[in-house]
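Keep the sequence and the model in view while reading.

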Amino acid sequence: MPARVITVTSGKGGVGKTTTTANVSVALALLGKRVACLDADIGLRNLDVVLGLENRIIYDVVDVIEGRCHLHQALIKDKRLSELYLLPASQKRDKSAVRPEDLIKLCNDLKPEFDFVLIDSAAGIEEGFRTAVAPADEVVIVTNPEVSAVRDADRVVGLIEAAEKGPARLIVNRLKPGLVQRGDMLDTSDVLDILAIDLIGIVPEDEGVLISTNRGNPAAFDEKSKAGQSFRNIARRLSGEDVPFETFKEQSGLFGRFSRMLRRDSSHRSG
Amino acid sequence: MKSPDDGIIIKGSREGLLITLGPGAWHIVLSTLETRLTATPDFFKGARVALLVGPRKLVEADVRAARDLLARYDVVLWGLMSDDEETQHVAAVLGLDAQLPQRERPEPRPQPVEPAISIEPPQPIEPATSHEPIEASIADDPEIGLVARRTLRSGQQLRHPGSIAVLGDVNPGAEVVAGGDIIVWGKLRGTVHAGAMGNDNAIVCALNLAPTQLRIAQYIARSPEGRRRKPTPEVARVRNGQIVAESWEVK
């Protein structure tokens with residue numbers, strides 16, 4: 001069966017598109033799927049860094065499109081997983097170097113050899129976004145539980161619907177269970193209330209993700225990481241498994257109660 | 001709202017307003033259009049417009065004049081629909097769309113194959129037209145309402161000279177502008193402007209009325225700050241010079 005092309009996008013920048021793309025790609029490959037991940041953020045290349053493959057780049061996606069190399073020469077095999085490949089973005093060029101039809105052709109060439117093609121999109125709703133969405137069979141939208149990110153995600157959901165690429169599915173990234181319980185952060189249900197699209201994953205805030213990202217070793221490899229577990233669950237849901245959604249409330253219940261107690265204590269003291 | 005009988009017909013659509021211009025010399029038609037723009041600037045401000053010009057032949061300067069006129073009222077011209085080939089060419093030169101985006105319409109239900117023994121073919125439960133996208137049901141008469149059977153998301157805009165009913169939510173960042181009433185069968189959290197052509201008898205009602213901003217004619221109101229109790233259907237209208245929201249009760 002040819003690969004499913006999944007574009008990861010968000011509207012707002014900095015919500016964790018690249019981290020999500022890297023981790024979900026790794027998690028899919030851990031499930032034994034053949035995965036190609038494609039960095040479509042031309043000019044702001046960083047999927048390779050997150051995957052720890054930067055020093056292996058010889059050719060990039062623009063080289064393939066402009067015929068300077070074959071597709072297979074540009075595909076970088078992951079150093080840990082034999083079924084994971086990366087097609088890096090160009091750092092020297094900008095968004096205009098890749099047209100939507102170029103990316104469609106590229107994906108068509110990748111499809112027979114893979115189970116999944118994941119595309120990391122540029123932030124925004126301009127050219128780079130449109131190019132990244134053009135070849136998509138499915139779209140995954142990453143958002144954070146904050147009003148500005150949800151607003152942008154809503155805009156993107158509308159654009160995806162208009163492009164008839166929908167219905168998009170949602171990943172709520174960097175949820176802080178403690179804040180939610182105190183009513184200081186949007187809950188997943190608040191986000192879904194606005195966006196009204198299917199949820200495919202909730203990823204808790206986890207410092208480990210930042211550390212592993214900086215080291216080029218995605219959290220999905222880490223058995224103990226909570227965020228890594230969430231990314232692995234997302235991969236299983238993408239492959240069609242019915243995995244119940246994690247409830248971070250219970251895990252943080254004790255902690256939450258404890259911290260509330262502390263807060264109450266300190267407010268007594270100060271009052 | 002009664003529209004003047006000046007040969008100009010304005011309709012709402014998913015792509016923006018569609019303005020049909022009647023026959024007559026171009027500069028006269030444009031000045032009639034300007035009269036309309038001047039009469040209700042609030043309604044047009046920020047709109048996206050396509051002009052339907054019929055079989056008329058237009059040169060580039062004509063279209064530029066129309067575009068500049070609209071731009072003075074903060075209206076963006078995005079399309080020029082004409083039956084004339086040269087005019088279509090001019091539209092293309094100026095980067096305007098020459099036709100409305102094609103929407104995929106579901107195929108009409110195939111007729112059942114005539115059986116050898118003639119029996120009454122089963123009637124389809126619904127007529128095929130009921131599956132057509134909402135905009136297809138817009139009547140030429142602006143007094144007839146526009147029904148949007150979808151959720152309006154951030155950045156999306158709906159504008160119609162008559163009344164608008166949204167069967168879905170109006171999300172924050174979305175905008176609905178109507179010459180008449182606005183009815184939202186869902187959560188209203190975006191910005192709405194009813195009676196945008198000056199009708200302060202217009203009302204806005206929603207199952208959950210929590211707009212970012214609500215305008216009726218020249219009046220502007222915001223939702224009260226803070227969390228609301230259980231949402232109930234409400235209707236907003238102008239009373240004694242200000243917008244008030246009341247719960248929707250059958251008296």
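In this predicted model, helix α7 (residues 147-162) of chain A packs against helix α9 (residues 188-195) of chain A. The angle between them is about 35°, and their axes lie 10 Å apart. α7(A) passes α9(A) in a right-handed crossing.

**The α7(A)–α9(A) contact**

- From α7(A), the contact draws on V150(A), A153(A) and D154(A).
- From α9(A), V191(A), I194(A) and L195(A) take part.
- By class, the residues of this contact of α7(A) with α9(A) are five nonpolar, no polar and one charged.

**The α1(A)–α11(A) contact**

- Helix α1 (residues 17-30) of chain A packs with helix α11 (residues 226-238) of chain A at an angle of about 65°.
- The axes of α1(A) and α11(A) are 8 Å apart.
- Here too the handedness can be stated: α1(A) passes α11(A) in a right-handed crossing.
- α1(A) contributes T20(A), N23(A), V24(A), A27(A), L28(A) and L30(A) to the contact.
- α11(A) contributes F231(A), R232(A), I234(A), A235(A) and L238(A).
- Eight nonpolar, two polar and one charged residue make up the contact of α1(A) with α11(A).

**Chain A overall**

- Chain A holds twelve helices and eight strands.
- The radius of gyration of chain A is 19 Å, close to the 18 Å that the globule rule gives for 271 residues, so chain A is as compact as a globular protein of that length.
- Along the principal axes, the C-alpha atoms of chain A fill a box of roughly 70 × 40 × 35 Å.
- Buried residues account for 53% of the 271 in chain A.
- Take the contacts in chain A with a separation of 6 or more: 77% of them come from residues 24 or more positions apart.

**Chain B overall**

- Chain B has four helices and 15 strands.
- Of its 251 residues, 42% count as buried in chain B.
- For contacts in chain B between residues at least 6 apart in sequence, 42% join residues at least 24 apart.
- Chain B exposes about 14,100 Å², with carbon and sulfur atoms supplying 53% of that area.

- R174(A) is not a glycine, yet its phi is positive, at about 65°.
- R174(A) sits in strand β7 (residues 169-175) of chain A.
- The relative accessibility of R174(A) is 38%, so R174(A) counts as partly exposed.
- A217(B) also has a positive phi, near 50°, in a residue other than glycine.
- A217(B) is placed in the loop between β12 (213-216) and β13 of chain B.
- Is A217(B) buried or exposed? Its relative accessible area is 6%, so A217(B) is buried.

**A proline in a loop of chain B**

- P224(B) lies in the loop between β13 (219-221) and β14 (234-239) of chain B.
- P224(B) is exposed, because its relative accessible area of 58% is over the 50% cut-off.
- P224(B) and A210(B) are 14 residues apart along the chain, and their C-alpha atoms are separated by 8.4 Å.

Conventions:
Residues numbered from 1 in each chain as written. Chains lettered and ligands numbered in written order. Predicted model: local features only at pLDDT ≥ 70, side-chain atom pairs only at ≥ 80, totals over all residues. Heavy atoms only, no water. Axes fitted to C-alpha atoms, helices over the stretch in contact; angles between N-to-C directions. Helix = DSSP H or I, 4+ residues; strand = E, 2+ residues; numbered from the N terminus. Left-handed = near helix turned anticlockwise from the far one by under 90°. Contact = heavy atoms within 4.5 Å. Nonpolar A, V, L, I, M, F, W, Y, C, P; charged D, E, K, R; others polar. Rg over C-alpha atoms; globule rule 2.2 N^0.38 Å. Buried < 20%, exposed > 50% of the residue type's maximum accessible area, 1.4 Å probe, protein only. Areas by Shrake-Rupley, 256 points an atom, 1.4 Å probe, with all protein chains shown as cover.
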